[in-house]
Structures are given as structure tokens and as C-alpha cells.
Amino acid sequence: MPADAPDDWLARAREVVRDATLGPRATHRGLVEEIGDGVARISGLLDVRLDEVLRFENGQVGFARVLDPDLIGAVMLDGATDVEAGDAVFGSGEVVQVPVGEGLLGRIVDPMGRPLDGGAPIEAGAHLPIERPAPGIIERDLVTEPVQTGIAVVDTLFALGRGQRELIVGDTATGRTTLAVDTLIAQRDSDIICIYVAIGQKTSSVRRAITALRTHADFARCIVLVASPADAPGLQWIAPYAGMTMAEYFRDRGQHALIVFDDLSKHAATHREIALLTEQSPGREAYPGDVFHIHARLLERAAKLSQARGGGSLTALPIAETDAGNLSAYIPTNLISITDGQIVLDSTLFHQGQKPAVDVGLSVSRVGGKTQAPLLREAAGSLRLDYAQFLELEVFTRFGGMPEGRVRTQLRRGERIREVLRQPQHRPLRLADEAALMIALRGGLMDGLAPEGVAAFRAALPGTLDHGASGALRMIAETGTLDTATRSALIAEMERLARSLAQAAE
Ligand SMILES: Nc1ncnc2c1ncn2[C@@H]1O[C@H](COP(=O)(O)OP(=O)(O)OP(=O)(O)O)[C@@H](O)[C@H]1O
Ligand SMILES: [Mg+2]
């Protein structure tokens, strides 16, 4: 008799019925009471955890954000157009997870790890929850290795270290995204893996950042995560946590990663929107009371791990937006107090053409200085002082006729410092370029040049070093210092460059 003859089929069916457990069974099932603006209020769902994934009757998903005894506030992860009041909802017992692993490198994904670049689905090594505990104090180490941002003003005055959290803050259109993206681009010369998280940013801005990364950075070592303003608020809300989880994968394997959150002001606004829709009590500026905590919890996960934990690091560059330069607004002050320093971008400087528009007086880096190469550290002290004095003198002498003597020298030096600290976008400098610039500045090699000459000097320097000072280049890259002979050779080479530029100008 053939295997699927009727008798056999009957026997198998009997077996299935015999083995089935009959009787009452508990499922976590609730009802949608209300839905709108990407937020659902659900009744009757017991035993739900914070951030637990909830499945709606029509297959859409959301997660629990607010747990009240009788009503759960859930945030949708999809557009949620088909969910209606009265629909059934089921708890899943799992928190929101995202794919992690090497498969994400070189990809553009949404906060759930779904590809946005038209490529194949992500081959994930594993899935991990978006909320994970930050490493404890014993698991951490001091920040001792530098992150080279390739931006002269940052590397000399506000150096960053691996594992540090540094806020980039400023008004809109002051070059915040550009500063962060340029830092990612500079990592093409390092072993740091880059993650760029765009939260609620304009499509044009995201596209510009992606193009810059694709053309200038080592894109095969970058992950771009995009939550657009049109996405469900839940998707925007999880974006920074999802990015952090993807970055932690590398940190925990002893590798080094750098993550940019562009920007957390938008994230705070999404958090406020969700909180107001779920009827949490509003506090200052209508943000709910936990807005400090959600960002502190996020940024605490950036860390330099101890040798016992593999020695990996995760550096975070959150971005925040100010209104008319007001750093004491709620979200900027929160983020300033959470991070290890801030780079303040100023719109007046930006409009004067001083780009990157870093406000040298208000910016600070509280940890990175220790990781700085000796050559830059030795330049930083006098540079900061000279520049600050120059800015003051400039104000006083603006209407006061032609200054004389020492004041005049200080003004000339200051103008050159300002010119040296300018930098076109997407053109990161190497440590050796920056160190050579500082040596040239302190040695007065550019004093004979007009401001345009200084710009030309800065632009021509990397090429000149490649050709005429490869010894110095190597020594700085390896040790961060120079011996006397190599330093003299470097200075001679730069003097030649300055002379030829001065002659060309005549
Ligand atoms: N160093 C620079 N040199 C030349 N142009 C720059 C530089 N930095 C920024 N820009 C230009 O300034 C404009 C604004 O920069 P960017 O988008 O980075 O600012 P933002 O503060 O992120 O603005 P948004 O508020 O739109 O997010 C861009 O067109 C960018 O190309
Ligand atoms: Mg921007």
C-alpha cells in the first residue's frame, strides 16, 4: 500500500489529536482602545515588559513604552494605517531587537536593520536588544588612545579620545553634520568603524552625508542608519539605541567604533511627542521628566573597555541643536552635562566664513587632552592663549587706528591662527599635517604671507610633506614627536614653501 493511503492518514491524524494538549491556555491578548499619530493605547494586556514587542491582529508591530496598571501606551514601528480601535494585540515576550554583525558594514539600513539601499537583506550574525546595560566601572578603562578627527581646530584644541562622548552643538546650518561626517571620513586612515545615525533629518541633508561618506570615507567600514521624519515616531525613537547596539558589537569584540547621532534634539522632540500622546505629565518645555535619563542611559554605553573585556572602545558624537545660540535651553544643557565636553559651533562665525565655525571660548574636551600627540599638546597651550588674546585685541583695535609694536605682532599672529584653523569640508588632515602647521605657526613661518597666502600654504602643505619631508611624516605618525634634526629638516622644507608662495604673490 502507498505511504499516503487513507488509512495511514487517519492514523496520523489520530496521533496528532491524541498528543494535542487540550484545556485552558493563557495568551497575552489585549485590545486597542485608541490609535492615532503612531501611538496606540491598549487595555487588557497583562504581564508586558517595557519595550516588549507587541503584535497587532493585522501583522503590524509596535512596542510598549508606557506601562500603566490598566492601560499600555504602545508605539508603532510601522505606519500603522491599518490598525483600528477594537483590534486584538498580542504580547511577544521579547524586547525590540536589531541585527548586529559584519553584515551591516557598507550598508544603509532603517532602525530595525532593514536595508534602505536596495541591497539584499542583512546577513545578521545575531540579534540583540536595543536597550542593553552600559559597562560597569570595573569593566572600563581610562581613555588613553586618540581619535584623529582630521579637523585641525578640534585635534589641537579639543582633542578626542577613544571612548569619549563629545557633543557637537550649535544653531541650525552651522556645519554640525559636516563636522561629524568629516570626522567619520578621517577614519579611513584608522581602524575605527563608523556608524552614522540620522534621526528625523531632512532627506537632502541625509543624502549629502551619505554621498560624502561614499565618496570620501572608507564606506566598507561604515554603517548608515536612517530614521526619516516621515517614519513612525516609534522607529525614530529606537534609532539611537539601535545604532548603539550595532556599534557595541564591535566594541565588545575588542574593536573600535565611532557613532554619530544626528541629532538628539530631534530625538528628544520625538520622545516628547510620544509622551504627550500617551498622556504622561509634561515637565520643563513640555518634555516628560525622563528625557535626561533616556539620553544619559544611551550615552553611558559609549566606553573604553578594560583589557579583561578585550580593550575595545566606542566613541560617541551626539549632535544637538540650539536656538539663537542658547546653550542653556533644556536639551542642550542636559546633553552638555551628560557628555565629556562640547564643540560649540557659532552662526556668526559661520556667516563670517570661519568654517568650521568652532567657538574656541565655549568649546571644551574634558578627557581627550591626555591622548593628544606630544607635538600637538605642546602647541595647544600657547595657541589657545594667543588666539583668545587676539580675539580680545581685535575688538579693541577695530576702531582705534593702527596699532603699534607688540600689539601689532599679536594681531598679525592671530590673523594667521584664524586662517590656519579654517578648513574646507571633507578634506581631513593627517596628524603630521596638523603638527607641521602648528610648528609653522609658532615658528612664524607664515608671518610674511598675506591671509590668502596662508590658505594656500595650508592647502599645499600635505603634498609638500609627502614629497619633501617623508621622514618627518613617518616619525610624527609613529611617535607623535620629532627629534631635532628631523624638525629642522621639516622647518627648512616649510620655509621653502612659504618663500615660493610669497614670491608667487609679488
Ligand atoms: N568647513 C566647511 N567648509 C565649507 N562649507 C561648509 C563647511 N562646513 C559646512 N559647510 C556647508 O555649510 C552648510 C551647512 O552645513 P551642515 O548641513 O553641516 O550644517 P548643520 O548644522 O548640520 O545644518 P542642519 O541644521 O541643516 O542640520 C552645508 O552646505 C555645508 O556644505
Ligand atoms: Mg545637520
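In this predicted model, E300 has a relative accessibility of 36% and so counts as partly exposed, falling between the 20% and 50% limits. The side chain of E300 meets that of R165 in a salt bridge, with 3.2 Å from N to O. This pair joins distant parts of the chain, since R165 sits in the loop between β11 (160-161) and β12 while E300 sits in the loop between α7 and β16, 135 residues apart. R165, at 11% relative accessibility, counts as buried.

A second pair also involves the loop between α7 and β16: R309 lies there, and its partner E139 lies in the loop between β9 and β10, 170 residues away in the chain. The closest N and O atoms of E139 and R309 are 2.5 Å apart, and the two residues form a salt bridge. E139 is partly exposed, with a relative accessible area of 28%, and R309 counts as partly exposed at 27%.

Across the structure, 35 salt bridges are found.

Leaving aside residues up to four places away in sequence, D182 touches T149, I151, Q425 and H426.

Turning to the helices, α8 (residues 330-338) has seven of its nine residues buried, so this helix is largely enclosed by the rest of the structure. The buried positions are Y330, I331, P332, N334, L335, I336 and I338. These residues pack against helices α6 (264-277) and α7 (291-299), and also against strands β12 (167-170), β16 (313-321) and β17 (341-345).

Helices α11 (residues 405-421) and α12 (residues 431-442) form a packed pair, with axes that come within 11 Å and cross at roughly 170 degrees. The two helices are therefore roughly antiparallel to each other. On the α11 side the contact is made by R413, R416, I417, V420 and L421, and on the α12 side by L437, M438, L441 and R442.

At the level of the whole chain, the secondary structure comes to 15 helices and 18 strands. The chain is divided into domain 1 (29-95), domain 2 (98-372) and domain 3 (375-505). The centres of domain 1 and domain 3, taken over C-alpha atoms, are separated by 60 Å. Along the principal axes, the C-alpha atoms fill a box of roughly 105 × 60 × 40 Å. Of the 506 residues, 51% count as buried. Among contacts with a separation of 6 or more, 74% come from residues 24 or more positions apart.

Methods: Residues are numbered from 1 along each chain as its sequence is written. Chains are lettered from A and ligands numbered from 1 in the order in which they are written. This is a predicted model: local features need pLDDT of at least 70, side-chain atom pairs count only at pLDDT 80 or more; totals for chains, interfaces and linings use all residues. Side-chain values use heavy atoms; hydrogens and water are left out. Domain bounds come from an automatic or database domain assignment. Contact means heavy atoms within 4.5 Å. Axes are lines fitted to C-alpha atoms, for helices over the stretch in contact, and angles run from 0 to 180 degrees between N-to-C directions. Helices (H or I, at least four residues) and strands (E, at least two) are DSSP runs, numbered from the N terminus. Angles under 35 degrees count as roughly parallel, over 145 as roughly antiparallel, 65 to 115 as roughly perpendicular and the rest as oblique. Buried means under 20% relative accessible area, exposed over 50%, partly exposed in between (1.4 Å probe, protein chains only). A salt bridge is a side-chain nitrogen of Lys or Arg within 4 Å of a carboxyl oxygen of Asp or Glu.
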